[in-house]
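Student: I'm new to this structure and a bit lost. Could you pick a single part and take me through it closely?

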Amino acid sequence: MATIAVLDQNTIDKIAAGEVVERPASVVKELVENAMDAGATAITVEIRDGGISLVRITDNGSGIPAEQVPLAFLRHATSKLHDAQGLEAIGRMGFRGEALAAIAAVSRIELITREKGAAEGVRVVVQAGDIIDMSPIGCPEGTSITVRDIFHNTPARLKFLKSDRSEASACISAALHCALGRPEVSVRLKRDGEEVFFTPGDGRAESEVYALLGRETARGMLPVSGKGESMAVTGFTSSPAFGRGNRANQHFYCNGRYIKSVLLQSAVEQAYRNTLLTGKFPSCVLYLELSRGAVDVNVHPAKTEVKFSDEKKVFDLVYQTV
Ligand code: ADP
Ligand code: MG
């Protein structure tokens with residue numbers, strides 16, 4: 001007869017980790033979002049071997065007070081939300097308090113952090129979710145998290161990773177999407193010691209497009225903006241002469257967060273219907289601002305999909321604007 005057993009915490013955390021941490025790129029996304037939430041103005045992302053052997057994110061944000069460091073690794077530990085009502089008002093990238101716990105469950109973490117104004121920093125080593133060392137250290141203000149050997153203790157998941165090359169390119173996209181969404185934050189990405197991109201963080205979306213999508217794409221982009229009832233859209237779309245063979249350069253943001261949206265994609269493409277050759281796709285970087293309540297960001301575990309409460313209004317605004 002089968003026996004029913006309650007899973008231990010370690011197993012529960014590993015299962016939960018699967019929802020947040022699919023591959024090294026998820027680590028990049030979550031940690032860059034944390035750095036941005038901490039008010040960082042400069043962030044460096046380093047990956048080695050596609051992020052499988054190492055992902056390191058260094059920021060100049062608020063830092064974490066030493067006594068709160070152990071809490072950061074607990075599940076449902078967040079400094080951004082204190083009750084269910086707060087959920088409505090949340091304007092940050094993270095709020096579920098899952099990322100650090102999930103990453104810690106499947107990797108070896110070294111975190112070095114110094115709170116702004118604190119005399120010294122602290123270094124913590126976390127393995128399989130447990131803090132195995134914590135000691136004071138001299139370091140700059142801000143936080144540096146190094147995530148090594150992702151999935152070393154979940155071989156089944158490790159097997160599902162693709163080549164270093166494809167994992168690296170997923171990490172690069174993740175960092176690029178974060179960077180493109182926040183023109184006021186300077187982001188540097190290094191892969192195996194070599195710089196892949198650097199954004200100046202001067203607050204101008206044009207600079208980001210230029211630094212991240214390249215001179216050619218930037219040259220073919222035209223600024224757009226439009227306003228509707230409780231929503232607005234700004235950004236850039238390509239002139240019809242700059243059609244591409246794929247959708248790789250279509251980027252959508254909703255209230256500062258990178259999203260995937262078939263709805264927005266088709267609104268843009270319909271706007272180009274009679275001006276682009278078939279098989280060619282427009283490029284775009286569109287930033288949507290919607291009032292809270294007009295959008296539910298909480299439908300997707302990795303938060304890349306959103307639910308608009310009035311899809312037709314959003315579609316029409318983007319279509320008309322483009
Ligand atoms: P969430 O981002 O959903 O709150 P995380 O597990 O990603 O949950 O992070 C837990 C907490 O750790 C955050 O709420 C924040 O207080 C702290 N934290 C994580 N990363 C940083 C960072 N780079 N700088 C400052 N604080 C951080
Ligand atoms: Mg987070």
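Tutor: Let's start with a term: two strands pair if DSSP finds at least two bridges between them. Strands themselves are DSSP runs of E with at least two residues, and helices are runs of H or I with at least four, both numbered from the N terminus. Keep in mind that this is a predicted model, where local features need pLDDT of at least 70 and side-chain atom pairs count only at pLDDT 80 or more, while totals for chains, interfaces and linings use all residues. Residues are numbered from 1 along each chain as its sequence is written, chains are lettered from A and ligands numbered from 1 in the order in which they are written, and side-chain values use heavy atoms, with hydrogens and water left out.

Now look at strand S2, residues 54-59. Of its 6 residues, 5 are buried (under 20% relative accessible area, with a 1.4 Å probe and protein chains only; over 50% is exposed, and in between is partly exposed). S2 is therefore largely enclosed by the rest of the structure.

Who are its partners? Strands of a sheet pair through backbone hydrogen bonds, either parallel or antiparallel. Strand S1 (residues 42-48) pairs with S2 in the antiparallel sense, over 6 bridges, and here you'll find Ile47 opposite Val55. S2 also runs antiparallel to strand S6 (residues 142-148), joined to it by 6 bridges. In that pairing, Leu54 faces Arg148 of S6.

Go back to S1 for a moment. S1 and S2 make a hairpin, with 5 residues between them. In that turn sits Asp49, with a positive phi of about 50°.

Ala128 is not a glycine, yet its phi is positive at about 50°. Ala128 lies in the loop between strand S4 (121-127) and strand S5 (130-137), and it is partly exposed, with a relative accessible area of 29%. Then there's Ser230, whose phi is positive, near 55°. Look for Ser230 in the loop between S9 and strand S10 (231-238); it is partly exposed as well, at 42% relative accessible area.
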